[in-house]
Amino acid sequence: MSDSLIEKYGDARLPRYTSYPTALAFSAAVGPDDYVKGLAEVGIAGPVSVYVHVPFCRSLCWYCGCHTSITRHDAPVIEYLDVMSQEIELVAFAAGNAVPVNNIHFGGGTPSIVNPDDFALLMRKLRSAFQFEDAAAIAVEIDPRTLKAAMVDALGENGVNRASLGVQSFDPVVQAAINRIQTVDQTETAVSKLRAAGVSSINFDLIYGLPHQTVRSCVDTVKLAIEMRPDRLAVFGYAHIPSLKKHQRLIEDKTLPDAWQRNEQAEAIAGELVKAGYARIGLDHFALPEDELALASGNGTLRRNFQGYTSDSCDTLIGLGASAIGRLPTGYVQNHVPLGRYAERVNSSVLPTAKGYRLTREDNFRAKVIERLMCDFEVDLASLSMEFGYDPDFLVERNESLKELEAHGVAFIRDGLITVEQNARFMVRAVAAAFDAYFGSYGRTHSKAA
């Protein structure tokens, strides 16, 4: 990326566009009754994906932007799973108990801190409530520091075939600054045991832009990660938003790299991964050439959802647990975030939907444009305009943001095709934002563009 682009856009706060509209557009105008109506239709459109949120961790990582609670004890987790079991019954009843499931993702928090027997019970509940397809992908997010041998066995015995391990950085100075001490040996042991248990696909999460992080420490981390040969890696830029996540105030602003340094770190990581044989996928993912993600990127079927880039082709997502977001053909729904409110609603036999959003035809059009930009770095606007019944000039006429990006060499338009320039691909979120009708309307910040 050129210095001029970094100077102009590097500190811009932009959505990650894992959905459109983003969650900032959700409102209480959508509630449990709307979700019940939407669930009644989900089985008609084919297989769905399921997201299961486990909002508990053993310790707090200071960089974290997730909805999670810290507990040293199992009791709160067990109580939460009991409530979630009831929610599964409510959702399955509303959907008619015949919904085919093609993907399931356990996110957090730290899903792997669940007691192995309780995880097996939860899987049995899910399998009884939904119809798992034979080739269903079952993924679990894992903290290698707390992963026990019994839990590894439980994952394998219950059909888990994908695992995403939080790594972030192997630099001890960076680890101390973010309150996450994790050795290479802990990570290697977790990978080895998971593979032995039949978990065939391993993903690592890495972060750049952390306190005291340097290009050298990023490269050293990547080299150590490559030795374990994960199938995929997600490389995220740290989003420092202490106004929203108060624990991030424990990280001193002066220890954070600036936009130029963040970009250098991101490109250094990418360079090492590409050199090691990984395909660069979209904005921030990497995969071995034979991995489904790389294949989807190559054949134009790459998608984007709340977990980032994916080969998941399902248009419907059922979200379970506190703060979980679901997507129906009609729009989005999100559960209550506070654990007490979530439990109160479920215990009253009411779906815990707190808010949501009803999609319009224009929303669906803009969402498709943004998704293709995020996945392919280009979009055939002429063809999509025809598909959705809009004039080809509808989204570009009087689009001053797009014109400015074109003037700065970030993107160009030719014969109805919008393309992000090769050397400006880290600015793809800025191009996507040019098609976001709601961007800047809610007064809250997002992560940095670079």
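Here are some notes on the model, point by point.

1. Ground rules. This is a predicted model, where local features need a pLDDT of at least 70 and side-chain atom pairs count only at pLDDT 80 or more, while totals for chains, interfaces and linings use all residues. Residues are numbered from 1 along each chain as its sequence is written, and side-chain values use heavy atoms, with hydrogens and water left out.

2. Confidence. The protein chain averages a pLDDT (the predictor's confidence in each residue, from 0 to 100) of 94, and 95% of the residues score at least 70. The stretch to treat with care is 443–447, where pLDDT is below 50. Beyond near neighbours in sequence, that stretch has 17 contacts in the model (contact means heavy atoms within 4.5 Å).

3. The main core. A nonpolar core here is a set of buried Ala, Val, Leu, Ile, Met, Phe, Trp, Tyr and Cys residues joined through side-chain atoms within 4.5 Å. Buried means under 20% relative accessible area, exposed over 50%, and partly exposed in between, with a 1.4 Å probe and protein chains only. The largest core has 118 residues, and Phe-106, Leu-126, Phe-130, Leu-194 and Phe-435 touch the most other members. Helix 3 supplies the largest share, 10 residues. Leaving aside residues up to four places away in sequence, Phe-130 touches Ile-88, Val-91, Val-99, Val-101 and Ile-318. Apart from this core lies another one of 10 residues, including Cys-61, Tyr-63, Cys-64 and Leu-256.

4. Helices (H or I, at least four residues) and strands (E, at least two) are DSSP runs, numbered from the N terminus. Strand 5 covers residues 100–108, and eight of its nine residues are buried, so it is largely enclosed by the rest of the structure. Two strands count as paired if DSSP finds at least two bridges between them. Strand 2 (residues 48–54) pairs with strand 5 in the parallel sense over seven bridges, with Val-50 opposite Ile-104. Strand 6 (residues 131–142) also runs parallel to strand 5, joined by six bridges, and here Asn-103 stands opposite Ala-137.

5. Arg-72. This residue lies in the loop between strand 4 (69–70) and helix 3, and it is exposed, with a relative accessible area of 65%. Arg-72 and Asn-103 are 31 residues apart in sequence and 30 Å apart in space, C-alpha to C-alpha.

6. Three bridges join strand 18 to strand 20 (residues 417–420), and Asp-380 stands opposite Leu-417.

7. Helix 11. The buried residues of this helix (residues 339–347) are Tyr-342, Ala-343 and Val-346. Seen down the helix axis, they fall within an arc of 95°, so they line one face of helix 11; the arc is that of the directions from the axis to the C-beta atoms. They pack against helix 3 (75–95) and strand 16 (331–335).

8. Most residues other than glycine have a negative phi, and most peptide bonds are trans. Gln-168 has phi near 70°; it lies in strand 7 (residues 162–168) and is buried at 7% relative accessible area. Asn-179 has phi near 60°, sits in the loop between helix 6 (172–178) and helix 7 (184–196), and is partly exposed at 33%. A cis peptide bond joins Tyr-20 and Pro-21, with omega about -10°, and another joins Gly-108 and Gly-109, with omega about 5°. Pro-21 is in the loop between strand 1 (13–14) and helix 2 (32–39), while Gly-109 is in the loop between strand 5 and helix 4 (116–129).
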